[in-house]
Amino acid sequence: MTKIVSRFAPSPTGFLHIGGARTALFSWLLARSKGGEFRLRIEDTDRERSTQEATDAIIDSMRWLGLEHDGEIVFQSERADRHNEVIDQLIASGHAYYCDCSKEDVDAMREKAMKEGRKPKYDGTCRDKGLTSGVVRLKAPQEGATGYKDMVKGYISVENTEMDDMILRRSDGTPTYNLAVVVDDHDMGVNHVLRGDDHVNNTPRQILIYRAMGWDVPEFGHVPMILGPDKKKLSKRHGALSVMEYEKMGYLPEAVTNYLARLGWSHGDQELFTMDEMVELFTADGLGNSPSVFDLTKFEWVNGQYMQKADPDRLAGLLCDFLAREVGEEEAKAVTRERFARIAPLLQPRAKSVLDMLEQARPFIVDAAFLPYDESAVKKFLTEETKPLLAEIAERMEGLAEFTESALEEVHKRFIEDKDIKFKVIAQPIRVAITGKTQSPGLFETMVVLGREQTLARINRAVEL
């Protein structure tokens, strides 16, 4: 069996967005699931709109998602000589010809065809003139049909009369997109092309070039687009951000790839997949033929599942990075990775993202003197009635030989028995005193992570409020 070689070929006229990332993922999985190769090509022939910043961002995004490529990155702009070499071969073999028709001439041809109820296209005026200058057009077959079995959509066929003699080289000497793509894919050994269904109309045209050159035609597959919840084209308001924006928002790369995979591919009812599982289970047969809907709530749920399972030490490193981005590296050093590693397990059950976890961690990383308080919580729970209770429980905790969860639980149990009160009478006042809020992880776990000194300092400060 021939080894599968697939590719991803983004244009660096903008950053890599979610739709493109999903296409890259499916192409990567197609190759990896069969032990094949995955190649990366940057289609940077649009010199006016292509930027180095976008190129770097695409490469960074692929690396962050874990979609490593094989071989060197191919830059299409460096291959113009090879593209023109193939065009010259097509001219020499009689499969292409020069055309000197002006734009106005071609527009007139198309207008006439429309009036006569025919498909508007170039009418082949220059096919047999034997010209030696002008644009170069492919001499397409004028009868029969061009068809192929799409890996996603099934068999697709187009009557050759529906396709005109497309331009291969413009009047300024630059090759066109369809020609360059075919030459690059052939030279890179690509035999499976999985891409967005906005390329469906290009495929029969590209097949004609393959056949004219006597090259093997790859297998093609076209995945439907991603829609927003309103079933309209995905936009920024739906979540169509660049991949690295999701990194900045604190999403985990494995959650992003998992969610993107499920937008158009399925394996039974399974929702969560590791990358290894996706590689093992992926087949093109599992790709759907209908547009998928991007659901930000579901996306956050998936990320939350991965946050719960993540190694606390890894999350600690990410929290350090995010804090450094916010306050600067020097100031962020005040909170050690070890401290974040102790905090993370408390917050993992409810954190939707790393950024969300950092927000929840703030009460744990500020000094008692700077802890912000929720005013409504202070008014409700830090009252004259709770003041003596807080002062006394602080005294009892200060006398503990060990500041552990079990010791704290025991001292509080004795305290409420001595005072003949229910735990809730003292629990919320303590929670507000040590975190500034009415919600937090388990009370005793929180105290242990804060440590004796900070816990008592916060309670004593609350008593003074």
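Select Asp420 to begin: at 71% relative accessibility this residue counts as exposed, where exposed means over 50% relative accessible area, buried under 20%, and partly exposed in between (1.4 Å probe, protein chains only). Asp420 sits in the loop between H17 and H18; helices (H or I, at least four residues) and strands (E, at least two) are DSSP runs, numbered from the N terminus. Its phi is positive, about 55 degrees, although Asp420 is not a glycine. Most residues other than glycine have a negative phi.

The model is predicted: local features need pLDDT of at least 70 and side-chain atom pairs count only at pLDDT 80 or more, whereas totals for chains, interfaces and linings use all residues. Residues are numbered from 1 along each chain as its sequence is written, and side-chain values use heavy atoms, with hydrogens and water left out.

Move to Lys231, in the loop between strand S11 (226–227) and helix H7 (243–248). Lys231 is not a glycine either, yet its phi is positive at about 65 degrees. Its relative accessible area of 55% makes Lys231 exposed.

**Domains**

Next, colour the chain by domain; the bounds come from an automatic or database domain assignment. Domain 1 comprises 1–72 + 224–304, domain 2 covers 78–223, domain 3 covers 310–365 and domain 4 covers 375–464. A distance drawn between the C-alpha centres of domain 2 and domain 4 reads 76 Å.

**Annotated spans**

UniProt lists residues 10–20 as "short sequence motif: 'HIGH' region" (unreviewed entry). The end C-alpha atoms of residues 10–20 lie 8 Å apart, and the span is 27% helix and 0% strand. UniProt also places "domain: Aminoacyl-tRNA synthetase class I anticodon-binding" (unreviewed entry) at residues 315–462. For residues 315–462, the end C-alpha atoms are 31 Å apart, with 72% helix and 0% strand.

**Helix H16**

Select residues 386–398, which form helix H16. This helix has 13 residues and reaches 18 Å from its first C-alpha to its last, close to the 18 Å expected at 1.5 Å a residue; the expected span is 1.5 Å times one less than the number of residues. Show the side chains of Thr386, Leu389, Leu390, Ile393, Ala394 and Met397, the buried residues of H16. They lie on the same side of H16 because they cover an arc of only 130 degrees around the axis, the arc being that of the directions from the helix axis to the C-beta atoms. An α-helix has 3.6 residues a turn, so residues three or four places apart point the same way. On the face turned away from the buried side of H16 are the exposed residues Glu395 and Glu398. The buried residues of H16 pack against helix H15 (375–381), helix H17 (405–419), helix H18 (423–435), helix H19 (443–450) and helix H20 (452–464); contact here means heavy atoms within 4.5 Å.

**Nonpolar cores**

A nonpolar core is a set of buried Ala, Val, Leu, Ile, Met, Phe, Trp, Tyr and Cys residues joined through side-chain atoms within 4.5 Å. The largest has 102 residues, of which Met62, Leu287, Phe294, Phe340, Met397 and Met447 touch the most other members. Helix H1 (residues 18–32) gives this core its largest share, nine residues. Centre on Phe340: apart from neighbours within four places in sequence, Phe340 is in contact with Ala316, Leu319, Cys320, Leu323, Val335, Leu358, Ala361 and Ile365. A second, separate core of 30 residues includes Val136, Met188, Val200 and Ile209.

**Helix H8**

Select helix H8 (residues 253–262), which is largely enclosed by the rest of the structure because nine of its 10 residues are buried. The buried residues of H8 pack against H1, helix H2 (52–65), helix H9 (275–281), strand S12 (292–293), helix H10 (296–309) and helix H11 (312–327). Just after H8, Gly264 takes a positive phi of about 120 degrees.

**Two final residues**

Arg325 is in helix H11 and counts as partly exposed at 48% relative accessibility. Apart from neighbours within four places in sequence, Arg325 is in contact with Glu247 and Lys248. Finish at Asn202 in helix H6 (residues 202–213), which counts as buried at 19% relative accessibility. Beyond residues up to four places away in sequence, Asn202 touches Tyr177 and Asn178.

Methods: UniProt positions renumbered as here; feature names shortened; annotations may be inferred.
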